[in-house]
Amino acid sequence: MFTFLIFTACSAEPGPAAKPKSRVDAVAAAPKKAVDTEAFCDGRDVGTFAWPELEGAPPPKPATWRWVNVWATWCKPCIAEMPMIREWATRLGTESVSVSQEFLSVDATSAVLTTFMAQHAAFPATSRLNDVTKLQPWLTSVGLDSSASLPLHLFVDEKDQIRCVRMGALGENDYEAIKAVIQGK
């Protein structure tokens, strides 16, 4: 009897015929979702940006947004993401999204950073925190917990307001969120 029910259900009168999908319908992309910058940023609008005490002079203040990358030579995710974020800065410029990248090393000594930079000529010029013991108070001043993990990304507008702080390594899918943050979205 069970078999009979299956055959009868399958042979029932069809309802209105469904329109077959065309090749275009089959490959049409879902509408693009808006970028969620709230989820991307670990902190938003956390205050005014000020460099911590650096070894040497801080970089000159640009007239555009700044993307401050806080990293260290011992931080594997920092090293791994560096080529990608450098390429993204260039890409943003080609899309008329103006941003200046600045780099802050939190290595314990200048000798460690100097040795690393000599071995990695492609790495960008980097400022270095003068005293590592001052890292935690500076992190707190930019809206992060003193135990924040590297790498850190601070997005600072033209008026020195920190609009977004991102903790941890960036991934391939983060480009659009960064672009949206810098565009003030």
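Seven strands make up an open sheet of mixed pairing, in the order S1-S7-S6-S3-S4-S5-S2, where two strands count as paired if DSSP finds at least two bridges between them. The edges of this sheet are strand S1 (43-48) and strand S2 (54-55), each of which pairs on one side only. This is a predicted model, in which local features need pLDDT of at least 70 and side-chain atom pairs count only at pLDDT 80 or more, while totals for chains, interfaces and linings use all residues. Residues are numbered from 1 along each chain as its sequence is written, and side-chain values use heavy atoms, with hydrogens and water left out.

**Overall make-up**

- The protein chain holds seven helices and seven strands, both taken as DSSP runs numbered from the N terminus, with helices being H or I of at least four residues and strands E of at least two.
- From the N terminus on, these elements follow the order α-α-α-β-β-β-α-β-α-β-α-β-β-α.
- Of the 185 residues in the protein chain, 39% are buried, a term that means under 20% relative accessible area, with exposed meaning over 50% and partly exposed in between (1.4 Å probe, protein chains only).
- The accessible surface of the protein chain is about 11000 Å², and carbon and sulfur atoms account for 58% of that surface; the areas come from the Shrake-Rupley method with a 1.4 Å probe, and for residues only the protein chains shown count as cover.
- Among contacts (heavy atoms within 4.5 Å) between residues at least 6 apart in sequence, 68% join residues at least 24 apart.

- S3 and S6 run antiparallel and are joined by five bridges, with Val70 standing opposite Leu152 in S6.
- S6 and strand S7 (residues 161-167) also run antiparallel and are joined by five bridges, with Val156 standing opposite Ile162 in S7.
- The hairpin of S6 and S7 has four residues between the strands, and Asp160 in this hairpin takes a positive phi near 70°.

- S2 pairs with strand S5 (residues 127-129) in the antiparallel sense over two bridges, and the bridge partner of Glu55 is Arg128 in S5.

**Helices H4 and H7**

- Helix H4 (residues 76-94) lies across strand S3 (65-71), strand S4 (99-105) and strand S6 (152-156), and runs at about 170° to S3; the angle, on a scale from 0 to 180 degrees, is taken between N-to-C directions of axes fitted to C-alpha atoms, for helices over the stretch in contact.
- Helix H7 (residues 175-182) has seven of its eight residues buried, so it is largely enclosed by the rest of the structure; the buried residues include Tyr175, Ile178 and Lys179.
- After H7 comes Gly184, whose phi is positive, near 75°.

**Aromatic rings**

- The whole structure contains eight aromatic pairs, meaning rings of Phe, Tyr and Trp (its six-membered ring) with centres within 6.5 Å, where planes under 30 degrees apart count as stacked, over 60 as edge-to-face and the rest as tilted.
- The rings of Trp71 and Phe123 have centres 5.6 Å apart and planes at 40°, so this pair is tilted.
- Trp71 lies in strand S3 and Phe123 in the loop between helix H5 (110-119) and S5, so the pair ties together parts that are 52 residues apart in sequence; both residues are buried.
- Phe40, Trp67 and Phe155 are linked into a cluster by ring pairs.
- Arg91 lies over the face of Tyr175, at 3.7 Å from the ring centre; a charge sits over a ring if NZ of Lys or CZ of Arg is within 6 Å of the ring centre and within 35 degrees of the ring normal.
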